Amino acid sequence: MNKPAIDRLELASYRVPTDRPESDGTLKWDHTGLIVVKIGCGRARGLGWTFGSRAIATVIDDLLRPVVIGGDPFATERLWQEMNRHLRNAGSRSLGAMAVAAVDVALWDLRARLAGLPLLGLWGAARDAVTLYGSGGFTSYTESRLARQLAGWVEDGISPVKMKVGREPSRDPHRVAAARKAIGAAAALMVDANGAYEIKEAAAMAERFRASNVVWFEEPVSSENWEGLALLRRRAPSGMEIAAGEYGDSPLYFLRLLQAGAVDCLQADVTRCGGFTGFLKVAALAESFQIPLSAHCAPQLHAHVGCAAAPLRHVEYFHDHVRIERLLFDGCLPAAKGMLRPDRTRPGHGLAFKDADAARYEV
């Protein structure tokens, strides 16, 4: 019997406009980049993607395609290691890790489809569904838009909810108070500064946000400032957690963040940390440090792996990615009672890409 081998890799880049201009504490944007990878073995095909620049597609095409073609579709760990080795001279961080992520997701989807199993059937379940939290609340929003979005998630059963802060620090306490008023006293409120504050400013903001019962302060300072995060974690008001990690791109990055005692809850993103393989490694690290894990963005990608990750607390239901998933993917899991429940009757992650619908966004 012939050993199965990967025989094709298809690649496309897209640029999807946002529904309105958006910004956070440090950046402004009007579109989201999407890189889609399809990997085939005979009649079976796996689908993967990441969100980012089309430069990621160049990395995949030039450096990762030769690793994957001819490879064993069941050797996901070996291929992950080889892809990372082939990025050595080009640089494995950031774009490289996102390129690996898109390919790794496709490889796992292919492996599960060849086995006739949902992804969760390969990994084993720690839970049957993942809890969501609503995320958006951009600094570009008017106060009324901010209130409608956050209150809408709460009405739909999605809570906690998270908003952006940091672009105009003098307005932040008022915006946060307005958000609290909109969602009511019972819903949990989270804020994300995307590293916009300096340490002393962040400490002062934490005290001011306490009046609105903020329970989560994400990246109050840069995620590279581990000592600053650790200091703020020690000084934050009781009941307010410090979170970071969304930009992590290697197991070593997360290990150092945990060793620094920098977070109350660790964040990781399948599309940035090297795919499902990377995410499961991060989950093991978080569990060993007895720190909870939160999945950043791309909720449909995090449904199965989130159910398999023992320390997972919740998955970010990020406005932009929810839009794109609904627009360009068939088989999206519905948010029901604030949760995503994987469909165990469908192989792989269960999603299919709408090539015809996406064609107008291709770049």
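In this predicted model, Phe-209 touches Val-165, Asp-172, Pro-173, Val-176, Val-191, Tyr-197, Val-214, Phe-217 and Met-240, leaving aside residues up to four places away in sequence. One of these partners, Asp-172, is described below together with Phe-209. The briefing then turns to the largest pocket, which has a volume of about 840 Å³, and to the contact of helix H11 with helix H12.

- Phe-209 belongs to helix H7, which comprises residues 199–209.
- The relative accessible area of Phe-209 is 1%, so this residue is buried, the limit for that class being under 20%.
- Between the C-alpha atoms of Phe-209 and Ala-177 the separation is 8.0 Å, although the two residues stand 32 residues apart along the chain.

- Asp-172 is located in helix H6, formed by residues 172–183.
- Asp-172 counts as buried because its relative accessibility is 1%.
- When residues up to four places away in sequence are not counted, Asp-172 touches Val-165, Gly-166, Tyr-197 and Phe-209.

**The largest pocket**

- The volume of the largest pocket is about 840 Å³.
- Its lining is made up of 33 residues, of which Leu-27, Thr-32, Phe-51, Gly-52 and Arg-272 are the closest to the centre of the pocket.
- Two or more lining residues are given by each of these elements: strand S1 (8–23), strand S2 (28–41), strand S11 (312–318) and helix H12.
- Strand S2 supplies the largest share of the lining, with five residues.
- By residue class, the lining of the largest pocket holds nine nonpolar, eleven polar and 13 charged residues.

**The contact of helices H11 and H12**

- The axes of helix H11 (residues 299–308) and helix H12 (residues 319–328) come within 9 Å and cross at roughly 95°.
- Helix H11 is therefore roughly perpendicular to helix H12, since angles of 65 to 115 degrees fall in that class.
- On the H11 side, the residues in contact are Pro-299, Gln-300 and Leu-301, and on the H12 side they are His-321, Val-322 and Glu-325.
- The residues of this contact comprise three nonpolar, two polar and one charged.

Terms used:
Residues numbered from 1 in each chain as written. Predicted model: local features only at pLDDT ≥ 70, side-chain atom pairs only at ≥ 80, totals over all residues. Heavy atoms only, no water. Axes fitted to C-alpha atoms, helices over the stretch in contact; angles between N-to-C directions. Helix = DSSP H or I, 4+ residues; strand = E, 2+ residues; numbered from the N terminus. Parallel < 35°, antiparallel > 145°, perpendicular 65-115°, else oblique. Contact = heavy atoms within 4.5 Å. Nonpolar A, V, L, I, M, F, W, Y, C, P; charged D, E, K, R; others polar. 1 Å grid on protein atoms, 1.4 Å probe; cavity = no way out; pocket = protein on both sides within 12 Å on 5 of 7 lines; lining within 4 Å. Points joined across faces, edges and corners; volume = space filled by probe spheres on them. Buried < 20%, exposed > 50% of the residue type's maximum accessible area, 1.4 Å probe, protein only.
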